[in-house]
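Subject: Structure handover

Hello,

Here is the structure for your files. Please open it first, then read the notes below.

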Number of protein chains: 2
Amino acid sequence: MTTTVTTYTAEHLGPFESLLEKDFMGFHGKYFLGERLGLTGCEVSLNRLPAGKGMPFVHSHKKNEELYIVLRGSGTFFVDGEEFPIGEGSLIRVAPEGERAWRATDTEDLYFICIQAQAGSLCQATLEDGVRLPTKASWMMD
Amino acid sequence: MTTTVTTYTAEHLGPFESLLEKDFMGFHGKYFLGERLGLTGCEVSLNRLPAGKGMPFVHSHKKNEELYIVLRGSGTFFVDGEEFPIGEGSLIRVAPEGERAWRATDTEDLYFICIQAQAGSLCQATLEDGVRLPTKASWMMD
């Protein structure tokens, strides 16, 4: 179910276990959100890599920085010739030129989120970019 | 533990349950990654909102689009006067001008990721931006 209204788009994917049903260019468990939600500042994929599987090639990027956030499971991350273990709460920023790949361990599926955004494109965030409003949600009423 | 090398930064936060120990301007359970990891294309926060708690005010943004990804728990999302239930796998894009807030239900903590990136800043992604390389990780050797 995807609902599109002027200023927002919402989708309820449901439990992340269902990600294995998704497919991107033969990569099972890869689900891109950009086109579905109408994102214009970043591209985001939700991923569930089956146990024992790994990316079959190393890649870099032209303009985009990537951030990987591991949600569940365990695996190995490769970047610029180094390899290190990853699991829930592993956070990896990779600059465009970083050479990267990853794999799941043999015993559990690896769940992670990958965010791509153009390196250097963010000029302000959070307190500088946010605007507090007088509008009230239902739980803010007296 | 934060490790910084030229092209990447990695941190292992560990289980997301530990997020409640983090604090941002009095908001318990809010953990920003941008400065920690050196992000230049987006700002990302990991969040664990305690059961029964809600944002005390509605806000919008000046330049940044936001994407909310709900990981666990359940709650309510408010945007532009509408309210709808959220839970694992709820994905909400909000344009800068969208008026937004959220709360956790009374029975379980709400875990979510919020990504801020400048609206309109992404010019290419994935197949257009990625470059396949001859480099090999350990599991790609014959």
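Two strands pair if DSSP finds at least two bridges between them. Helices (H or I, at least four residues) and strands (E, at least two) are DSSP runs, numbered from the N terminus.

This is a predicted model: local features need pLDDT of at least 70, side-chain atom pairs count only at pLDDT 80 or more, and totals for chains, interfaces and linings use all residues. Residues are numbered from 1 along each chain as its sequence is written, while chains are lettered from A and ligands numbered from 1 in the order in which they are written.

**Strand pairing across the chains**

Start with β11 of chain B, residues 90-94. Strand β2 of chain A (residues 8-12) runs antiparallel to β11(B), and five bridges join them. Y8(A) has V94(B) as its bridge partner. A10(A) stands opposite I92(B).

β11(B) also has a partner within its own chain: β8 of chain B, residues 64-72. That pairing is antiparallel too, over four bridges. There, I69(B) is bridged to L91(B).

How many residues of β11(B) are buried? Five of the five are, so the rest of the structure largely encloses the strand. A residue counts as buried if 20 or more other C-beta atoms lie within 10 Å of its own, exposed if 12 or fewer, and partly exposed in between, with C-beta atoms placed from the backbone. Both faces are covered. S90(B), I92(B) and V94(B) are buried on one side, L91(B) and R93(B) on the other.

**The interface**

Each chain puts residues into the contact: 77 from chain A and 77 from chain B. Contact here means C-beta atoms, placed from the backbone, within 7 Å. On the chain B side, 37 residues are nonpolar, 25 polar and 15 charged. Ala, Val, Leu, Ile, Met, Phe, Trp, Tyr, Cys and Pro count as nonpolar, Asp, Glu, Lys and Arg as charged, and the others, Gly among them, as polar.

The same surface serves both copies, as 100% of the contact residues of chain B recur in chain A.

**Chain A**

Chain A has one helix and 14 strands. Of its 142 residues, 46% count as buried.

Best wishes

Notes:
Two residues are in contact if their C-beta atoms, placed from the backbone, lie within 7 Å.
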